[in-house]
Each structure stands twice: as C-alpha cells, then as structure tokens.
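Colleague: Thanks for sending this over; could we go through it together before I set anything up?
Modeller: Of course, here it is.

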Amino acid sequence: MVPFTVSEPKPGILSIGGDLSLAAAPAFAELLFSSLDAHAALHVDLLNVTEADISTLQIMLVAVREAQRQGKELRWLGYGLCVEDLVNLVDLNHDLGGPLAVVWE
Amino acid sequence: MDLATGRTTLVDEARDLLAGMEGALLEIETNGQSDERINAVFRAAHTIKGSAGLFGLTLIERFTQRLENLLDLVRAGSRKIDGELMSLLLRSGDYIARLVDAIENFREAEDPDPVLRQALLDELAAYSHITAELRAFVPVEKPAEKLPAAPAASEGVFHLSIQLAPNALDEGVCPDDLLRHLRERGELLYVLTRTAGLPARDSFVPQRSYLGFEVGLRAHTTIDALSSAFALAGDAVALRIYPPSANPAERLALLAEVPELRPRLEEKWRRAGLAFTPAAAGETETEMAPVPVEVPSPGAPPPERAKAKQAEEKRPEQRMVKVDAGRLDQLINLVGELVIASEGARTSAASSSARREDLLEAMGRVSQLVEHIRDRALNMRMTPIGDVFQRFPRVVRDVAKELNKQIDLEITGAEAELDKSLVERLSDPLLHIVRNAIDHGIEPVRERLAAGKPASGNLRLNAYHESGCIVIEIKDDGRGLDPVRLRKKAIERGLIAEDAALGTSECFQLIFLPGFSTAATVTNLSGRGVGMDVVKRSLEAIRGEIEIESAVGKGTTFRLRLPLTLAIIDGFHVEVAGTTFVIPLDLVVECVDAQSGEGGRRIANLRGEVLPYVRLREVFQLGAGQRLRESLVVVSYGHQRVGLVVDRLLGNSQAVIKPLGQIFRGLHGISSSTILGDGSVALILDIPGLISAANQNYTFDSLGADVGAREEASPR
C-alpha cells in the first residue's frame with residue numbers, strides 16, 4: 001500500500017496524487033524510473049500531491065537527469081501547493097524545468 | 001456540535017483564553033507568583049485542551065496536555081516560575097496561537113512548525129521530568145565552525161552553508177522545515193541547492209540525503225541563535241555560519257567547493273552587498289549595496305504570500321461580531337417602546353377626532369425613539385480600544401528584552417470606544433509607532449542615567465474622545481526629535497531642497513516621507529519591512545491624521561486622530577450660493593449673524609476673541625454673490641476654532657452618509673454626501689480638511705473690523 005495514487009489518463013502521462021514524502025520515496029522513485037523506461041516522453045502531473053519533502057525533490061532531480069541521459073523528454077505538468085512551495089524554497093525551478101501548463105485536447 | 005459549525009466560535013474562544021493566559025503570565029512576571037494568577041494560567045490551558053478534545057483536534061490537545069501537566073506541578077508548588085520557565089510558557093502560548101490560526105485556515109491537520117513543537121515538548125518534558133524514558137533535552141554543542149565573530153548580535157547578511165549527512169532524512173531531519181524556520185528569523189535572501197552530490201539512477205538510494213544548501217539570511221541575530229535552530233538535528237547536519245562582520249576570505253573559499261553553483265552564488269552575494277570576489281573582499285562588507293534584494297526564486301511569487309493568499313481565499317467571510325448583552329437588551333427595549341408609540345400614532349391618525357397637534361406629538365415621539373434606536377444600533381459596533389492595546393504589554397516586553405532596554409508601559413483610556421472596522425486597521429500602524437519609539441526614542445539605560453533620567457523609559461498609550469474623533473497618544477520620555485537633524489537628513493536624502501524653510505512641526509513630519517529612514521528594519525512582528533511612510537498611509541486610509549510633538553532630550557508624543565465612523569450623523573444645514581452643505585452638528589459651537597466687513601480681512605472679533613474665518617463661497621469658488629446678510633458658523637476641531645461664513649442657516653436634521661465615489665477622493669473639504677428630503681444632494685463638509693486647506697491658502701491679516709455680534713440661538 002503506497003500513500004499516493006497513480007493514474008495514467010493517456011499513455012505517457014502520469015497523474016500522481018497524495019503523499020510523496022519520505023515513506024513513499026522508494027515507490028515514487030521506482031514508478032518514475034520504470035515509466036521513463038517505458039515511454040519515449042513522460043509527462044507527470046503533480047497537481048494533486050498533498051505532501052512532499054526533500055526526498056521528493058531528490059527523486060525528481062535524479063529522474064530529470066536520467067531522462068537527459070536516455071535522451072528522452074520528462075516534463076512536470078503541475079505542482080501541488082506543497083511541491084511548489086518546496087521548489088521555490090530551495091530555488092530548484094530551473095533545475096527541474098517545470099511546471100508546464102498544458103491544455104488537454 | 002461539529003467543527004464545521006463550531007469552528008469560528010472555537011477559534012474566538014481559544015484566542016480569548018490565550019490572551020487571558022498571556023495576561024496572567026505577564027502579571028506573574030511583573031508582580032510575582034500568586035495562587036490566583038497560576039490558576040488563571042492553568043484554567044486557560046485546561047479549557048483549551050478540553051475544547052480541542054471535543055472536536056478531535058489532536059495536535060492542540062496533545063500539546064496542551066503536556067503544558068497542563070507542567071502547570072499542574074507549578075500549581076502544586078513543586079515548580080517555581082523563573083525567567084526561563086516563563087519564557088517557555090510564553091513561547092508555548094505563542095505556538096498554541098499558531099495552531100489556532102491553522103484551525104481558522106482549515107489546516108488543523110497540519111503542524112505549522114514541527115521543529116518548534118518538538119523543541120517545546122522536549123523543554124516541557126525536561127521541566128516536568130515526566131518519565132526517564134523520554135530523551136532528556138540536552139542542548140547539543142553544535143559542530144558549527146564558528147569563525148571569530150563578535151558575541152553580540154549583529155545585523156546584516158549571514159551566509160549559512162548546510163550539508164546533510166547521508167542518513168539525515170532517515171534520522172527525521174526535515175531540511176525544508178529548518179529553512180522555513182530560518183525564514184522566521186529574518187529575511188531569507190536566497191537558497192541555493194547543492195545538487196552535485198546526487199548520483200545517477202543506479203546508485204541512487206531514495207531515502208538517502210545527497211543535497212546541501214547555501215543560504216543567505218538578512219537578520220539581526222547571533223551565530224548561537226542560528227545554530228540553536230539546528231541543534232536538534234545533531235550530527236545529521238553539518239553547518240557553517242558566516243556572520244556579516246566576518247572576514248570574507250573564508251566565505252569566498254566556499255566558491256571552490258561548489259563549482260556548479262559558483263556563478264549563481266557570486267551573483268547572489270553581489271546582490272546582497274557581500275564581497276563576491278577576492279578583489280572585492282578588500283572593501284568593507286558592511287557597505288550594503290542599495291539594490292533591492294531578491295527573495296528565493298525569480299519570477300515565482302514568494303511562497304509565503306502565495307500560501308497566505310490561499311488561506312485567505314479558503315477562509316469564509318468573517319462576518320460575526322461579539323456584542324455586549326446589555327446593549328442588545330437596551331436596543332430591544334427601545335424597539336418595544338417604538339412599537340407602542342407607533343401604535344399610538346396609528347390609532348391617533350385613524351381616530352375621527354384626530355387633531356393635528358396630537359398627530360404631530362405622536363409622530364414626534366416615534367421620531368425620538370427612532371433616533372435613540374439608531375444611536376444604540378450603531379453603538380453596538382463600537383468596541384473599546386483596549387482590544388487593540390491589549391497586545392502591547394507583551395510586545396513591549398519582548399522588544400525591550402531584545403534591545404536590552406528597560407521600559408515601563410502605561411496604558412490609559414482603554415475604555416475609549418471606536419468602530420470595530422477601525423480596530424483591525426489600527427493595530428499594525430500603532431505597533432510600528434511603538435516599536436519606533438522603543439527603537440529610536442528610548443535610550444539605553446546607561447544613556448538615560450547619564451542624562452539624569454530614571455533607568456526605565458516611560459512609554460504611555462492613551463486614548464480619549466475629542467470633537468467627534470478618537471485621539472490616541474503614544475508618549476515616550478526618550479531622546480526626542482531634533483528638527484535640525486531631521487532637516488539635515490532629509491536634505492542629504494534629496495527629499496527637500498537645501499534652502500527649504502521649515503517650521504519645527506514640519507521638520508517632525510519629515511519622518512513620514514518615503515525614503516527618509518534607511519533600509520526599513522524588518523520587524524519580527526509583521527515580518528515585512530515597514531517605514532513611517534507606510535504608517536502614515538495606513539492611517540490616511542482610515543481618514544486619520546498624525547501629529548508629532550517633541551522636545552530634544554525630553555521625549556516625543558505621537559498623536560493620532562481618527563474620525564469615528566458613523567453612517568448617520570446629526571447635521572447642521574447651511575446654504576451657500578443656493579447649494580446646501582451639511583456640517584457635522586457635534587462640531588458646531590455656535591452661530592452668529594455677520595455684518596461683513598471689508599474684503600481681505602479674515603479674522604473676526606467674537607466677543608473679544610480672535611476668530612479666523614473662511615468664506616465658503618470663496619473656498620468652493622461659488623461666485624461673489626450679494627453679501628448683504630451672512631451668517632457665521634463657529635466650528636471646532638481639536639484646539640482650533642474657525643468661523644465659516646455662509647449665506648443662510650437652515651437648521652438641523654439627520655443625514656445618512658453616502659460616500660462619494662473614488663474619483664472624488666482627492667477632494668479637500670468635502671467628506672461625503674447625503675440626500676435631502678426633497679431628493680436633492682447636499683455635501684457634507686470635512687471640517688479638518690477644510691481647515692487645513694484654508695490654512696494653506698489664506699494668510700491671516702491682522703485684526704480687522706468687528707463682526708456684528710448679534711447672536712442667533714445656538715443650534716442645540
């Protein structure tokens with residue numbers, strides 16, 4: 001039982017909600033990496049994330065670098081309030097390259 | 001009752017209890033422990049705990065439980081409240097207040113400050129010696145590499161280099177909480193994250209910590225105070241602090257450790273006014289570049305504000321007020337009488353033998369009751385200014401401690417009442433004036449003794465009513481303002497011309513010019529930088545004025561004057577050039593028939609007293625007209641009296657105030673408007689505005705001819 005929810009509204013788009021703090025770290029990392037392996041481009045929507053901490057940011061950073069290494073695209077579609085707060089606090093907007101505003105077709 | 005319906009009540013009650021608790025604690029601090037005071041503190045904590053329990057608010061309940069345990073020991077006599085315990089109890093109260101704020105903002109499940117909570121719990125446990133199993137609180141000797149720095153607090157930019165041990169996250173260290181905690185100690189200028197330590201995916205272990213932070217904090221504090229924030233993290237955090245006064249060389253050596261951050265770090269240091277290259281290190285670091293400093297992320301709104309905005313949007317409109325039960329009863333009684341009177345009038349009118357006099361009398365009775373009811377209803381919105389004043393003992397105590405000064409605070413006139421809407425808007429400006437008085441006005445003990453003053457500075461808050469306004473005075477017996485120095489400073493800052501001729505009180509008013517004071521100090525109270533210009537603007541927004549009296553070496557008095565807002569006033573109607581103007585009746589002293597003297601004379605002789613006057617025709621440029629017979633209305637404002645020359649006196653009536661639209665905001669002399677019985681519009685005069693405008697435009701000639709002294713009956 002992981003403390004967060006995942007759905008895949010379209011292939012290559014992950015929508016994650018809930019608690020992504022330390023306890024969820026291994027599962028979150030596993031999810032991101034395996035999804036990255038499975039798609040040529042990955043978009044991750046974090047709008048409904050309710051808890052996040054430094055471990056979350058670390059995993060996001062490693063995922064971004066891994067995507068670069070694999071030559072694939074990884075974009076963050078939305079930040080939940082706690083995520084945004086955290087990213088701003090430690091000034092990592094530039095490193096993470098998000099969030100994008102996306103219009104669904 | 002569930003939280004959905006009881007939230008507001010719970011929050012209000014808790015705040016009242018906390019205020020009572022703080023009051024009792026401060027009493028203990030100044031006047032000593034007593035059973036009664038200790039009980040008051042205990043009861044407050046106990047009641048809060050009980051209410052919290054009812055609604056399942058475990059965060060508050062559990063914390064208050066611990067507090068109650070300790071207070072129980074104090075009550076039983078096995079603990080005495082010394083300085084440190086007092087400080088702990090006050091801080092615990094502050095923390096509970098934050099939990100209550102969280103409830104108000106629908107965030108009761110979140111702990112606003114887990115680090116602080118743990119610290120407080122540990123301290124409470126230490127005093128309670130609850131169980132041997134609980135880890136005794138031992139202040140960890142921080143491995144902060146202290147550079148040779150002054151032990152006294154310094155003000156400026158501190159750079160902190162924070163490195164996490166690999167097991168930090170596992171150990172429960174929350175770096176983001178630590179950073180937020182720093183944010184409360186001062187202004188967080190920048191946070192740069194060291195990411196070089198992050199491995200590639202294959203070697204990455206998600207629960208390990210690989211990050212570090214380079215943080216810039218503008219604050220007035222010491223290295224010890226900053227390290228203590230990290231004390232509980234123990235060995236999991238390696239901390240290096242570079243205070244503003246230290247030699248830049250060591251800090252610059254950091255650049256070599258973080259090649260990937262180097263350009264950004266140099267830029268942040270440049271903007272913060274710190275030396276950012278070895279060459280620049282030659283200059284003194286205390287010269288701050290006058291560049292507005294950036295808060296963490298460029299382009300993104302400061303997270304604090306974004307969060308607060310969210311909280312505000314979520315909070316339901318606070319439209320409830322507490323009302324004195326006695327006043328409500330009086331109102332209900334009057335309504336009862338009105339029903340009777342109105343019945344009587346109706347019966348009178350319906351009767352076949354109705355006489356005009358009887359009807360007029362009955363209607364007169366109804367009118368009178370309506371007037372009383374109106375007064376009482378409006379009166380219910382009035383609240384004593386003591387509500388605003390009650391924050392001050394604590395604030396003054398804290399600030400005095402922080403600045404190492406002794407202050408005696410006197411509060412008088414706390415019963416003076418003002419409209420509820422003003423109370424909230426007054427609080428911040430008053431706070432800043434008081435802070436200013438303690439900061440700059442009151443001298444340190446040594447200086448006071450040398451000047452032959454008592455060691456303790458005297459700060460007096462006073463409030464009273466005067467001619468339709470509430471006056472609030474903040475009086476100190478400190479250094480006083482020196483008009484010569486103020487003028488000099490204003491010239492230096494390019495705010496006035498070198499040859500500007502200024503009277504003493506105009507020099508005092510210089511402190512309200514934007515840009516007058518140096519980089520506005522960030523206060524812990526409001527968390528924002530504030531200058532006296534902001535204070536003035538806040539007061540002007542509620543149509544208030546601020547006067548300064550001061551004598552060098554003796555002290556300063558700030559006097560705030562606020563019109564009491566009432567939606568209906570008793571007005572005295574006058575006619576000028578066919579237009580009706582209304583003068584607030586409580587400002588009218590008397591009316592006099594005037595035989596006008598020759599033009600150019602602006603001073604009347606009223607029963608031997610000098611009275612400056614203005615012609616409303618001229619003030620409002622309504623044309624010369626025929627000045628055959630005019631009237632003079634004498635109005636008062638504060639200590640001044642002025643005559644207003646009008647064409648005709650019309651009489652009294654009630655005026656329902658209709659505010660003028662935004663485009664009329666700059667109008668001097670007119671405050672609002674009202675609709676007359678015949679549907680036409682009358683303008684309500686703003687007497688203070690009128691008087692000051694008149695003062696500026698007119699120069700008063702010496703005493704001229706007398707004004708005829710045939711008096712008309714007074715309006716009241």
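Colleague: How much accessible surface does chain B have, and what share of it belongs to carbon and sulfur atoms?
Modeller: The accessible surface of chain B comes to about 36700 Å², and 52% of that belongs to carbon and sulfur atoms. Accessible areas come from the Shrake-Rupley method with a 1.4 Å probe, and for residues only the protein chains shown count as cover. Please keep in mind that this is a predicted model, in which local features need pLDDT of at least 70 and side-chain atom pairs count only at pLDDT 80 or more, while totals for chains, interfaces and linings use all residues. Residues are numbered from 1 along each chain as its sequence is written, chains are lettered from A and ligands numbered from 1 in the order in which they are written, and side-chain values use heavy atoms, with hydrogens and water left out.

Colleague: Let me pick out a helix pair: at what angle do α1 and α2 of chain B pack?
Modeller: Helix α1 (residues 3-31) of chain B and helix α2 (residues 35-54) of chain B pack at an angle of about 160 degrees, and their axes are 9 Å apart. That makes α1(B) roughly antiparallel to α2(B). Angles under 35 degrees count as roughly parallel, over 145 as roughly antiparallel, 65 to 115 as roughly perpendicular and the rest as oblique; the axes are lines fitted to C-alpha atoms, for helices over the stretch in contact, and angles run from 0 to 180 degrees between N-to-C directions.

Colleague: Which residues make that contact?
Modeller: Among them are B:Leu10, B:Leu17 and B:Met21 of α1(B), together with B:Ile38, B:Val41 and B:Ile48 of α2(B), contact meaning heavy atoms within 4.5 Å. The residues of this contact divide into 14 nonpolar, three polar and two charged. In that scheme Ala, Val, Leu, Ile, Met, Phe, Trp, Tyr, Cys and Pro count as nonpolar, Asp, Glu, Lys and Arg as charged, and the others, Gly among them, as polar.

Colleague: How do α3 and α5 of chain B cross?
Modeller: The axes of helix α3 (residues 58-76) of chain B and helix α5 (residues 114-128) of chain B come within 9 Å and cross at roughly 25 degrees, and α3(B) and α5(B) are therefore roughly parallel to each other. The contact includes B:Phe63 and B:Leu70 of α3(B) and B:Leu121 and B:Tyr127 of α5(B), and its residues divide into ten nonpolar, one polar and three charged.

Colleague: Switching to chain A, is helix α3 mostly covered or mostly uncovered?
Modeller: Helix α3 (residues 81-89) of chain A is mostly covered, as seven of its nine residues are buried, including A:Cys82, A:Asp85 and A:Leu89. The helix α3(A) is followed by A:Asp91, whose phi is positive, near 60 degrees.

Colleague: Which residues of chain A is B:Val191 in contact with?
Modeller: Leaving aside neighbours within four places in sequence, the contacts of B:Val191 include A:Leu89, A:Val90 and A:Asp91, and also B:Phe213. B:Val191 is in strand β2 (residues 187-194) of chain B and, at 0% relative accessibility, counts as buried.

Colleague: And where does B:Asp476 sit?
Modeller: B:Asp476 is in strand β9 (residues 469-476) of chain B, and at 7% relative accessibility B:Asp476 counts as buried. B:Asp476 and B:Ala437 are 39 residues apart in sequence, yet their C-alpha atoms are 6.9 Å apart in space.

Methods. Helix = DSSP H or I, 4+ residues; strand = E, 2+ residues; numbered from the N terminus. Buried < 20%, exposed > 50% of the residue type's maximum accessible area, 1.4 Å probe, protein only.
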